[in-house]
Amino acid sequence: MGSSSSSTERIPDAQELMQETGFSAAHLVRLYERFEFLDKDDRGELRLDDFEAVSELAMNPIGDRIIGAFFSPGRETVDFPSFVRILAHFRPTDTNRTRNGRNGAQPEPANSRTSKLKFAFQLYDQDRDGKVSREELLQVLRMMLEMQVTEEQLQSIAERAIQEADLDRDDAISFDEFKKSLEKVDIEHKMSVRFLE
Amino acid sequence: MRGNSGVGAALLDKLSNLPVFTMNYPRIQIPFEITLWMLLASFAKIGFHVYHKITIWVPESCLLISIGLIVGAIMHSVHEEPPAVLTSNVFFLYMLPPIVLDSGYFMPTRPFFENIGTVLWFAVVGTLWNSVGIGMSLFAICQIEAFGVQDINLQENLLFASIISAVDPVAVLNVFEDVNVNEQLYIVVFGECLFNDAVTVVLYNMFSFVAEMPVVEPVDVFLGVARFFVVGLGGMGFGILFGFVAAFTTRFTSKVREIEPLFIFMYSYLAYLVAELFSISSIMAIVTCALTMKYYVEENVSQRSCTTIRHVVKMLGAISETLIFFFLGVVTITTEHEWNWGYILFTLLFAFVWRGLGVLVLTQIINPFRTIPFNLKDQFGLAYGGLRGAISFALAFTLPDNIGRKQLFVTATIAIILFTVFLQGISIRPLIEFINVRRTNRNLGTINVEIHCRLMEHTIAGIEDLCGQWSHFYWKDKFMKFNNRILRRILIRDSRAESSIVALYKKLELQNAMEILDTVSGDISAAPSIVSLYEEKKSSAKPKKKFLAADLRNMHDILSKNMYKIRQRTVAYTNKHALPNDSQTKEILIRRHASIRRSLRPGSFQSTVSRKTPPKAHSVWFLHESLLEDDHETLSEVAYPTRRSRSSRPARSSSRAMMPLRRLDTLTEAPSVDAVGDDSSYSDSHAAPRRHINSSDDQDSGSVDNLRNNHHEAQEEEEQPSSSSPVWAAEPRDGTTRNPLLRRPQWNPKKK
């Protein structure tokens, strides 16, 4: 690719990042270049308006939520390690790593099925209380549905969704219930991006 | 019509005094007839849309041809000649450019370039495959004595084949839209249509040249290939050149806004003509000119010029296409036909077979290179959607007369066009729906799964977009750097090193901001008002609702029909007969604004609900401010945050949209939005902004109050103050915001 294609020297803590996220050197370099591209003011970190400059994200119905997921609570900027750590969720699952046979010391990899599901869950659960309330579900539904859907229809859809998934009858969907409702879905495939090199 | 001049003359002879009434038809004959034909064709177009169902089942081209057939029959029966308009010159110089300009101007560039490999593959190789295949097989058929067409040699067959291999699948794009075909397919079909016009014309010229040569040597084949490249690349080169010149010119047109659209048309037409001068591909020239121009010109010209350009391009394209199909119908009746059952039927057969084979083989080869391979349904759509259209028709008429069997070729071309347009055009929709129904297993899975899956798809699309994954990143990035550094400096007036993406986004948001205030309150958001939400929270002890199977089916229906599709924007461009419809993207943007406003809600609500969506202070607010500053005229300049004085403007009663925004300006800044969860600080300043609303109330006209009332209906009153935090208000109170999205936006104009 470019002149700095294979050199991860410019990237601080490259080795640790690669270790932690599982990205290869080539991936990391490419992501770094993209990070630099987004970082218009060369600050070394991304701010909200840098994200918003990506117009496709603006036209994404849940664009705000996706952007919000990059910012850790309390922080206004995203540095490169945070950027990469979030993107690591979307790496295709490594098939050679067994999901169950881990010793307890190893942390859950960022791109495991559970982590991916957790990411999706957090798109709903903005207040981080571990549950998706009816209101939170409604909000996301509203974002994703066209305007002509009436309020009653929205309410019934949300109602039905909660009924289906809510096993402990607390009128909200916990993470485990969320996981259970999606057990038949191929999350590894659906929530993966084939990162280019 | 033409006899009247005689009457006029006779009248003149009789009266030696001053004639009171004269008629001079020959003087106006030509423009008059042209206008009448255009009007007639347009009436036909209006007529179709009267009964909406027709246009769903029958493509417009069918209808136009039918009307043309009827008119042709009428003319034939009164022994009237059709207007001699279908000469080569008239078609290629006057009727074709608008159509091609239309296609080129509204090409969605980003998806197009991302799929350019596939598009070129299908357009170039596919057309070649079709031409050569059909030509060869027809030549083989000609050898059979029974059909009596032995005098057609290989070159002529190839020439004929090149004419009929140009597919015009745009007619079926509407069908594709409705039956939910792979998004990629749109672009490929769209691009193929465009490029294979160019390829066909090149092939046609090549073959017609070759047809006149008695002997074909290997050198000539090689030269043919070379010529192909010269023609194609040369066309593109001229197009790009003219595109840049046009962009450069519009840099200086800020004082002469009225004639800005003219430049677009003149330059693209010039590109076309100059390419014709050198016998290189004029279609490629005009298309590349339009593509290049559009990007820069739309940043330079005013909003109105932009709209004018779009409308006029669409109008000219539509009128040309209408006329062509109309004449096709007329001419079918009125020309002399030479019918040869064998030849024509085999032509139809081979055209069909070779297209199908071609699509199959080509897809197999290119699928591994595509991120989203084409499945069988897509391939069927691609193959079956290969209707022939205007280009074939025109080329057939311009065959040189020294080809012995010209009439046969013309008849065969018309036959194939009519066959494909009518039969395939009408039957493709039911067929695709049939396949669709069979292939999608409509398992009534859970609602949950459907919602979550769509959420995940949007997430992935968003991440991909964020990573710039959606294209061949390297070249695009290189080009963008070059673009920003050099090209934009030269070609764009007041250019900043700012991504044009941002400018586009801002323009859209600007229009939305205006529209939000213009629309009736009910449209603004489907969300309930705060009050009802509040109540809903209270009624936690609602009895569980029972859902019947019918309810579930309805829900699935609602979800599948109404959930936004991924990357909506491509679909917006693919209806050829309409201006790009970005109403859904607008809807999304409007929704985001509404949700932002809604989320800046009073603290009292917050306390009963667990901390919810952090309000998103958004750059849209600065746009509202910029809106205050500018004229309607110079809206495009708003994209650049150049004018940000806080001078209050005099009330402009002409533009309702401006009024409430002006009012917002007078409000003091809301307390720092970080304190949303913090009731106390919020309620303190609650009163203050409200007072301001009331005070400035008196100053304004009644119309504004209506708007304000609308606002009130849409949102709780308490929201008004908070939603208006001006952008350049003081810095956030404390640096420790809980979430960056909570802070107010600070727009930093990029100083580079």
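Reply: Start with Glu36(A). In this predicted model, Glu36(A) has a relative accessibility of 32%. Buried means under 20% and exposed means over 50%, so Glu36(A) counts as partly exposed. Its partner is Arg10(A), and the two side chains meet in a salt bridge, 3.2 Å from N to O. This pair links distant parts of chain A. Arg10(A) sits in the segment before helix H1 (14-21), while Glu36(A) belongs to helix H2 (residues 25-38). They are 26 residues apart. Arg10(A) is also partly exposed, at a relative accessible area of 40%.

Why do such pairs form? Side chains of opposite charge can pair when their charged atoms come close.

Next comes Glu188(A). Its side chain meets that of Arg113(A) in a salt bridge, at 3.5 Å from N to O. Glu188(A) lies in helix H11 (residues 187-190) of chain A and Arg113(A) in helix H7 (residues 113-124) of chain A, so this bridge ties together parts that are 75 residues apart in sequence. Now check the surface. Glu188(A) has a relative accessible area of 17%, so it is buried. Arg113(A) has 13%, so it is buried too.

Asp41(A), Arg43(A) and Asp50(A) are joined into one by salt bridges that share partners.

How many salt bridges does a search of the whole structure find over all chains? The count is 16.

The model scores ipTM 0.91 and pTM 0.62. Chain B has an average pLDDT of 67. In that chain, 59% of the residues score at least 70. Confidence in chain B is highest in helix H12 (residues 260-277), at 91. It is lowest in helix H30 (residues 658-665), where the mean is 33.

Over residues 520-541 of chain B, pLDDT stays under 50. The model still gives that stretch 44 contacts beyond four places in sequence. Residues 569-574 of chain B are also below 50. This second stretch has 19 contacts beyond near neighbours in sequence. How should you read such places? Where pLDDT is low, the predicted coordinates should not be read in detail.

Methods:
Residues numbered from 1 in each chain as written. Chains lettered and ligands numbered in written order. Predicted model: local features only at pLDDT ≥ 70, side-chain atom pairs only at ≥ 80, totals over all residues. Heavy atoms only, no water. Salt bridge = Lys/Arg side-chain N within 4 Å of Asp/Glu carboxyl O. Helix = DSSP H or I, 4+ residues; strand = E, 2+ residues; numbered from the N terminus. Buried < 20%, exposed > 50% of the residue type's maximum accessible area, 1.4 Å probe, protein only. pLDDT = per-residue confidence, 0-100. Contact = heavy atoms within 4.5 Å.
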